[in-house]
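This report covers a pocket, a core and the charged pairs of one model. Please keep the structure in view while reading.

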Amino acid sequence: MRNKFLLLLIAVVTLSSCNELLVYSDYRPIKEGKWELDKKVDFEFSGLDSTQTYNLFINIRNDDSYPFSNLFLITELEYPNGNTIKDTLEYRMAEPSGEWLGKGMGSVKENKLWYKEMIDFSESGVYKVNVSHAMRKNGNVEGLHILEGVTDVGLEIEKAPK
């Protein structure tokens, strides 16, 4: 009887922790945690409710070898009609003390970063998002060819709360 109660409690906690707003989530691993400057991370999705608004997030998993306290990304959101919105984004990855801002135990931290807020997908067809890093060392004009410490890049889409 006690074991059944414990299993039921675990099932309830697990199910209640699920994000009911989540409609899309995908990750791409970065080979050996070395993100090359010219390697875009691509995502494609379709079939979203055209009457709903959504929030988009970029998820970054990094380990202790990540050498910076911030992260610059270049994103492109391509609509089915070919129109593209390009953004340059900056995110804080660590406190001034060096403590990582992401969640997770051990050396890998996950950061859920705002990308787009209250956006609608009114066109039918395939939408594409690609993400590349735009990191460089202070004083250098040329970008960093290999960014170490990023293990995965993800995209999440959630229904925007009404």
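The largest pocket holds about 190 Å³ of space. The model is predicted: local features need pLDDT of at least 70, side-chain atom pairs count only at pLDDT 80 or more, and totals for chains, interfaces and linings use all residues. Residues are numbered from 1 along each chain as its sequence is written, and side-chain values use heavy atoms, with hydrogens and water left out.

**Pocket**

A pocket is an open set of points on a 1 Å grid over the protein atoms alone, where a 1.4 Å probe fits, with protein on both sides within 12 Å along at least five of seven lines; its lining residues have an atom within 4 Å of a point. Its volume is the space filled by probe spheres set on the points. P29, I30, K31, E32, K34, W35, E36, K39, K40, V41 and I146 line the largest pocket. This lining divides into 5 nonpolar residues, no polar ones and 6 charged ones. Here Ala, Val, Leu, Ile, Met, Phe, Trp, Tyr, Cys and Pro count as nonpolar, Asp, Glu, Lys and Arg as charged, and the others, Gly among them, as polar. Strand β2 (residues 34-36) gives the most to the lining, with 3 residues. Strands are DSSP runs (E, at least two residues), numbered from the N terminus.

**Core**

W35 also belongs to the largest nonpolar core. A nonpolar core is a set of buried Ala, Val, Leu, Ile, Met, Phe, Trp, Tyr and Cys residues joined through side-chain atoms within 4.5 Å. Buried means under 20% relative accessible area, exposed over 50%, and partly exposed in between (1.4 Å probe, protein chains only). This core has 35 residues, and W35, I58, I60, Y66, L147 and V153 touch the most other members. The elements giving two or more residues to the core are β3 (41-45), β4 (53-62), β5 (70-78), β6 (84-92), β7 (109-120), β8 (127-133) and β10 (150-159).

What does Y66 contact, leaving aside its neighbours within four places in sequence? Its partners are L71, M93, W100, M135, L147, E148, G149 and V150. Contact means heavy atoms within 4.5 Å.

**Salt bridges**

Side chains of opposite charge can pair when their charged atoms come close. The whole structure has 9 salt bridges. Each is a side-chain nitrogen of Lys or Arg within 4 Å of a carboxyl oxygen of Asp or Glu. The table includes three of them.

| Pair | N to O distance |
|---|---|
| R28 and D26 | 2.4 Å |
| K40 and E76 | 3.3 Å |
| D152 and R61 | 3.9 Å |

R28 is partly exposed at 28% relative accessibility. D26 is partly exposed too, at 24%.

K40 sits in the loop between β2 and β3 and E76 in strand β5, so their pair ties together parts 36 residues apart in sequence. K40 is partly exposed at 45%, whereas E76 is buried at 17%. K40, E76 and K86 are linked in a network of salt bridges.

D152 and R61 form a salt bridge. This pair links distant parts of the chain, with D152 in strand β10 and R61 in strand β4, 91 residues apart. D152 is buried at 16% relative accessible area. R61 is partly exposed at 24%.

**A loop contact**

S46 lies in the loop between β3 and β4. This residue is partly exposed, at 46% relative accessibility. Not counting residues up to four places away in sequence, S46 touches G125 and V126. The C-alpha atoms of S46 and V126 are 4.8 Å apart in space, though the two residues are 80 apart in sequence.

Key. Helix = DSSP H or I, 4+ residues; strand = E, 2+ residues; numbered from the N terminus.
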